[in-house]
Amino acid sequence: DVLPSPDGPAPSVSITEIRQYLRAQDIPFHDGYSCLHAPSLFIGGRGDQPLSANAPFTLFIDKTTGSFLCTATLAEGTWQDFQANVEMRLRGISPIPPACSEEVEEEMRQAREDARCIWERALPLWELLDEKETKETKALFGISQVTNATLKRFGVRYLRTARSLVFPWFSPQDATLKGLKLVRVEKNGDTITYVEETLPRFESYHNLFGLPLIGRRDTELVLTGWELDALALHQAAGVASVALPRGTTCLPPTLLPYLEQFKRITLWLGEDLRSWEAAKLFARKLSLKRCSLVRPGNLQPRPLEALNQGLNVTKILRSALLASHKSIVSFRQLREEVFGELVNTEQVSGVKWTRFPELNKLLKGHRRGELTIFTGPTGSGKTTFISEYALDLCMQGVCTLWGSFEINNVRLAKIMLTQFAGRRLEDQLELYDEWADRFEELPLYFMTFHGQQNIKTVIDTMQHAVYMYDITHVVVDNLQFMMGHENLSVDR
């Protein structure tokens, strides 16, 4: 995914400008947690009629980016698209939702068709002919304690041919099937890994699993990082729970409008420190004042594990910590956090590199909020090494943003793809699509700058990327190119 290019970046808009514009156009609105709520331009009514404050407020405008989504018609677009539609309405023309390119439309249609075919072939887990097979399948996924009633309520199915659980993504608008997530188990000795695949592709999979089961009057929600955790929470505590489509990797801003109705959101994302870090990051996006976080620990594992161990899930939820804390705290309030750091010394030291064990001895691991500088003469291999170093983390789910000011993105992507595949693809072109598909699934983004740049533009683009894609690792290659050589004497 390429972020806005420096020639035409999406102009940033402030929340004050958005409010002033809505007032100037007589559009009624009220303040939500992450979005402003307004009546939709895309529902009925003549263009030149003012929008009524009595109409349902189904249009949500993101306070940070100005992007909008109408939950009734699924029309979405940028702040500039919104302004263009307001102008059209004033001229008496019915607003038209911004359209995707035909190519994207076709790809999404094909993905929905593929999803429908898989869904029809998959069986409800409780309908497998053989009770032994059902028991073995449930044991394999660690869901022996999850009842058939829960599986049925969430519509989970099983695809025999792929030995995968199938989680449906239904449109919150009309309950049609929009996509699927397939999860299978891979065993390697004693270690179990869950392999996920989505239709449509990962980056356009904007699903909140469990959302259609939530009532309009529900005001409390538990946000989890995994579909099976959402099942466990509902069964063990009877709470409204949904799962994020990409777990702890990111919370896409397009999902924020669907979370606006909740006065209290508890984030229980997993059982390691990365989940804890992600929960703190997502709480900022969702508005700290309504969020509580379940701190990972031995007595507070992930929800599915808590159900399997027979722990009191309701009690764990009640002990969640408020995300917003005052500016001054006492040690008593920090006590649990300090204990957590002492217990999890390995995790505190960051995400380990799998390809560079020697580097782990030096740097311990990749931690947020740290700056690492690599220096060396021209041609010594800094870019080659850093691309492999970043790729290693990216493959472990660390969302990475590259700013390559020296070599262009095509060449950089070629280096990284070769390192990812571990082979010379120019000698085996028939394998290109297979490796490119796998590479595309990585949470990796490139800035489209090249050569000397205005530092403010670069910082703005980075901030935009952090909000949109929950970037936690930024690579700048290299500093001289970004600054321009003549400015090196100035302390910047």
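Leu334 has its place in helix H10, residues 331–343; helices here are DSSP runs (H or I) of at least four residues, strands (E) are runs of at least two, and both are numbered from the N terminus. The model is a predicted one, in which local features need pLDDT of at least 70 and side-chain atom pairs count only at pLDDT 80 or more, while totals for chains, interfaces and linings use all residues. Residues are numbered from 1 along each chain as its sequence is written, and side-chain values use heavy atoms, with hydrogens and water left out.

Let us stay with Leu334. With a relative accessible area of 37%, Leu334 is partly exposed; buried means under 20%, exposed means over 50%, and partly exposed lies in between, with a 1.4 Å probe and protein chains only. Together with Phe331, Val338 and Leu342, Leu334 forms a nonpolar patch on the surface, and the four share about 390 Å² of accessible area. Such areas come from the Shrake-Rupley method with a 1.4 Å probe, and for residues only the protein chains shown count as cover. A patch is made of residues with over 30% relative accessible area and no salt bridge; nonpolar side chains (Val, Leu, Ile, Met, Phe, Trp, Tyr) are joined within 5 Å, and like charges within 9 Å. As background, an α-helix has 3.6 residues a turn, so residues three or four places apart point the same way.

Which residues of helix H6 (residues 227–237) are buried? They are Glu227, Leu228, Asp229, Ala230, Leu231, Ala232 and Leu233. Just after H6, Gly238 takes a positive phi of about 65°.

By the same rule, the count comes to 22 salt bridges. One of them joins the side chains of Arg19 and Asp31 at 2.9 Å, N to O. Because Arg19 lies in helix H1 (residues 15–24) and Asp31 in strand E1 (residues 30–31), the pair ties together parts that are twelve residues apart in sequence. Arg19 is partly exposed at 21%, and Asp31 is partly exposed at 43%. Arg19, Asp31 and Lys63 are linked in a network of salt bridges. Another salt bridge, of 2.8 Å, N to O, is formed by the side chains of Glu370 and Arg367. Glu370 is partly exposed with a relative accessible area of 46%, and Arg367 is partly exposed at 26%.

Now to the strands. Strand E16 (residues 400–404) runs parallel to E18, and five bridges join them; two strands pair if DSSP finds at least two bridges between them. Ser404 stands opposite Asp477 in E18. In strand E18 (residues 473–477), the covered face holds His473, Val475 and Asp477, whereas Val474 and Val476 form the uncovered one.

Finally, the domains. The assignment for the chain, which is automatic or from a database, gives domain 1 (15–91) and domain 2 (357–483). Their C-alpha centres lie 38 Å apart.
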